[in-house]
Amino acid sequence: MTPRDAPVLESTRLRLRPRTLDDAEALHPAYADAELMHWWSSGPHDGVEQTRAHLAQEAPGWRCWAITLRGDDKAIGFAAAGEKRQGNVSEIGYLLCREYWGSGIAAEAVGCVIDRIFAEGQRRVFADTDPDNAASRRLLERLGFQLEGTLRGEWETHIGVRDTALYGLLREDWHGSA
């Protein structure tokens, strides 16, 4: 799968479309935000060229959607899904520009992706996040994910070696996006 395999998804407020290199300018402020990038495996981006290069890297098996508001095609974040075990298990990831924090948009966008994953027949979705990333943990828990464990020393990042909190959601536990 590639980002181009990501079908358009829609919700009440949002339209998720395949993320493209053209989204680099709109997403760069998020990738350059030191607080937002603190919990990522790499630090803040120095310039839009670095963001463009990052978006150009296609991870095998991952689909990536640009999060946009209905009626406005400008990317305000992204949600991604990577199939880890074909037909059964996918991992999700997400990022949202700071000015949209606290609006429920991240939950709405990630919910759309989860709806899609389970509609395609996947049985499990998981996410990993830094144990100290309280906002991401709250989002996952609000969506019904359960903490399944902590992997110690899992990631070598720009802030040092970090643990990961592993969250999982089974199809039968999903109540659909709000």
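Because the model is predicted, local features were required to have a pLDDT of at least 70 and side-chain atom pairs were counted only at pLDDT 80 or more, whereas totals for chains, interfaces and linings use all residues. Residues are numbered from 1 along each chain as its sequence is written, and side-chain values use heavy atoms, with hydrogens and water left out.

The secondary structure of the protein comprises 5 helices and 8 strands, where helices (H or I, at least four residues) and strands (E, at least two) are DSSP runs numbered from the N terminus. Read from the N terminus, these elements follow the order β-β-α-α-α-β-β-β-α-β-α-β-β. The radius of gyration is 15 Å, close to the 16 Å that the globule rule gives for 178 residues, so the protein is as compact as a globular protein of that length; the radius is taken over C-alpha atoms, and the rule is 2.2 Å times the number of residues to the power 0.38. The C-alpha trace spans about 40 × 40 × 30 Å along its principal axes.

Of the 178 residues, 45% are buried, a class defined by under 20% relative accessible area, with exposed meaning over 50% and partly exposed lying in between (1.4 Å probe, protein chains only). The protein exposes about 9,100 Å², of which carbon and sulfur atoms supply 48%; accessible areas come from the Shrake-Rupley method with a 1.4 Å probe, and for residues only the protein chains shown count as cover. Among contacts (heavy atoms within 4.5 Å) between residues at least 6 apart in sequence, 63% join residues at least 24 apart. The protein carries 21 positive and 28 negative side chains, and the centres of the two sets lie 3 Å apart. In this count Lys and Arg are positive and Asp and Glu negative, while His and the chain ends are not counted, and each charge is placed at NZ of Lys, CZ of Arg, CG of Asp or CD of Glu.

Helix α1 is mostly covered, with 6 of its 8 residues buried, namely Ala24, Ala26, Leu27, His28, Ala30 and Tyr31. These buried residues pack against α2, α3 (48–56), β4 and β5 (89–96). Within strand β4 (residues 77–85) lies Gly77, which is buried with a relative accessible area of 0%. When residues up to four places away in sequence are not counted, Gly77 touches Leu27, Trp65, Ala66, Ile67, Leu95, Leu96 and Cys97. The C-alpha atoms of Gly77 and Leu55, residues separated by 22 positions in sequence, are 12 Å apart.

Asp33 is placed in the loop between α1 (24–31) and α2 (34–37) and is buried, at a relative accessible area of 14%. Its side chain approaches two backbone nitrogens through polar contacts (pairs of N or O atoms within 3.5 Å, of which, within protein, one must be able to donate a hydrogen and the other to accept it, and for which residues adjacent in sequence count only if both atoms are side-chain atoms). The nitrogen of Glu35 lies 3.0 Å from a polar atom of the Asp33 side chain, and that of Leu36 is reached at 3.1 Å. Beyond four places in sequence, Asp33 touches Pro44 and Arg98; Asp33 and Cys97, 64 residues apart in sequence, have a C-alpha to C-alpha distance of 8.8 Å.

Arg124, in strand β6 (residues 124–129), is buried with a relative accessible area of 15%, and its side chain makes a polar contact of 2.2 Å with the side chain of Glu148. The residues that Arg124 touches, not counting those up to four places away in sequence, include Asn88, Val89, Phe118, Glu148 and Leu170. Arg137 belongs to helix α5 (residues 134–142) and, at 19% relative accessibility, counts as buried. A polar contact of 2.7 Å joins the side chains of Arg137 and Tyr167, and Tyr167 is also one of the residues that Arg137 touches, together with Thr129, Asp130, Pro131, Leu147 and Ala165, when residues up to four places away in sequence are not counted. Arg137 and Ala127 are 10 residues apart in sequence and 9.6 Å apart in space, C-alpha to C-alpha.
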